[in-house]
Structures are given as C-alpha cells and as structure tokens.
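User: I would like to go through this model with you, one topic at a time. Could you take my questions as they come?

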Amino acid sequence: MKTAIYPGSFDPVTNGHIDIIRRASKMVDRLVIGVLNNSAKSPLFSVEERVNMLIKVTEDIPGVEVTHFTGLLVDFADSVNARIIVRGLRAVSDFEYELQWAQTNRLVRPNLDTMFLVTDQNYSYLSSSTVRELAKYHGDISKFVPPYVEQKVLNKF
Ligand code: ADP
C-alpha cells in the first residue's frame, strides 16, 4: 500500500490545494492530508475547523484521509507509514524554501521522498493568505474556494 502525506496550513483550503489533492490521490493508494498545528502562527481557522473543511471538500475523492499534526514532518510521515511527501509548486518563489526542506528531510529520513506537483495555471497566483485578505475587505472569493469554504470564511468577517 503506497501512502503519501500532503502537509500544509490550509488556512483555509483553496481550489489550488484541492487540485493537488485530486491529482496526487490518483498516484497513491492513500493520501493523508496533514493540517499543521503551528503554535507560532495565529491562524484564521482553528485546526479542528481546517480539518473539518478539508473533510467536507474532499469527501468525493477516494483514498483521502484528513488529520492534523504538530512537530516534525518526518515524524508525521512515520506515524502514518508514508514514504512520500506531496507539495505543490506555484512559482519560483516557492522553490528555494521547498528545496531546502526536501533536502533536509531526505538527510533525516533517506527513505522519504518529496514529490512536487506543479500548480494548474488557473491557480498559480492563489494562496490562502490572498483569500483571507480579499475576504477581510469584502472581496469576492467565490472563484478561489468551494462554496462551503466561502461560507465559513464569510462567517469569520
Ligand atoms: P504551507 O504553510 O505549508 O505553505 P499551505 O496551506 O500554504 O501550507 O500550502 C500547502 C501546500 O500546498 C504547499 O505545498 C503549497 O505550495 C501548496 N499550494 C498552496 N496553494 C497552492 C496552489 N494555488 N496551487 C498549488 N499548490 C498550492
């Protein structure tokens, strides 16, 4: 059974994330989405809210599980028996950070590989932070997140 993890903040999940989830889930038997519980950040949505939104918007995608984690990514991968980390690449600006972590994680766990999926061009500009910022000033986010998530974001402001 081939298991991959897809870690991130998902604050909130966007159509860009969902595109990566759909594509990655076809490549493995089991894709475990891990919501990072990072105490250093002050997120818009709690971990539970982010997990619940992800469960809702991925319910039609086979082989997907959603959970949360704290601490090291390599330990989270071990805990679900994953040997693949999935990450999305949008622009060159993502690259340096991602390369640094992919290489560090390989040094720490040589049997763990990072698999990068290049974003669909429709979503290359899209990030959770732009969605939060737009919503804060009452901009239209309906093109960027599923209706369920749009409602949850609107309820926050
Ligand atoms: P993080 O805080 O780890 O960057 P994010 O929730 O912002 O968490 O992103 C999780 C993953 O999804 C990252 O690999 C990121 O590059 C990817 N991602 C974010 N937005 C998009 C998008 N619009 N298209 C493709 N991948 C994306």
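User: Is Arg23 buried or exposed, or in between?
Analyst: Arg23 is partly exposed, with a relative accessible area of 28%. Here buried means under 20% relative accessible area, exposed over 50%, and partly exposed in between, with a 1.4 Å probe and protein chains only. The model is predicted: local features need pLDDT of at least 70, side-chain atom pairs count only at pLDDT 80 or more, and totals for chains, interfaces and linings use all residues. Residues are numbered from 1 along each chain as its sequence is written, and side-chain values use heavy atoms, with hydrogens and water left out.

User: Which helix holds Arg23?
Analyst: Arg23 lies in helix α1. Helices (H or I, at least four residues) and strands (E, at least two) are DSSP runs, numbered from the N terminus.

User: How far is the C-alpha atom of Arg23 from that of Leu117?
Analyst: The two C-alpha atoms are separated by 8.4 Å, although Arg23 and Leu117 are 94 residues apart along the chain.

User: And how many residues of α1 are buried?
Analyst: Nine of its 11 residues are buried, so α1 is largely enclosed by the rest of the structure. Among them are His17, Ile18, Ile20 and Ile21.

User: What happens at the start of α1?
Analyst: A side-chain oxygen of Thr14 reaches to within 3.2 Å of the backbone nitrogen of Gly16 there. This is a polar contact, that is, a pair of N or O atoms within 3.5 Å; within protein, one must be able to donate a hydrogen and the other to accept it, and residues adjacent in sequence count only if both atoms are side-chain atoms.

User: Let us turn to the ligand. Which residues are closest to the ligand?
Analyst: The closest are Tyr6, Ser9, Gly88, Thr119 and Tyr123, out of 15 residues that surround the ligand; a residue counts if one of its heavy atoms lies within 4 Å. By class, this shell has six nonpolar, six polar and three charged residues. Ala, Val, Leu, Ile, Met, Phe, Trp, Tyr, Cys and Pro count as nonpolar, Asp, Glu, Lys and Arg as charged, and the others, Gly among them, as polar.

User: You mentioned Phe10. What is its phi?
Analyst: Phe10 has a positive phi of about 50 degrees although it is not a glycine. Most residues other than glycine have a negative phi, and most peptide bonds are trans. Phe10 is found in the loop between β1 and α1 and counts as buried, at 3% relative accessibility.

User: Which peptide bond is cis?
Analyst: The bond from Asp11 to Pro12 is cis, with omega near 5 degrees. Pro12 also lies in the loop between β1 and α1.

User: What about Asn81, buried or exposed?
Analyst: Asn81 is exposed, with a relative accessible area of 61%. Its phi is positive too, near 60 degrees, and Asn81 sits in the loop between α3 (73–79) and β4.
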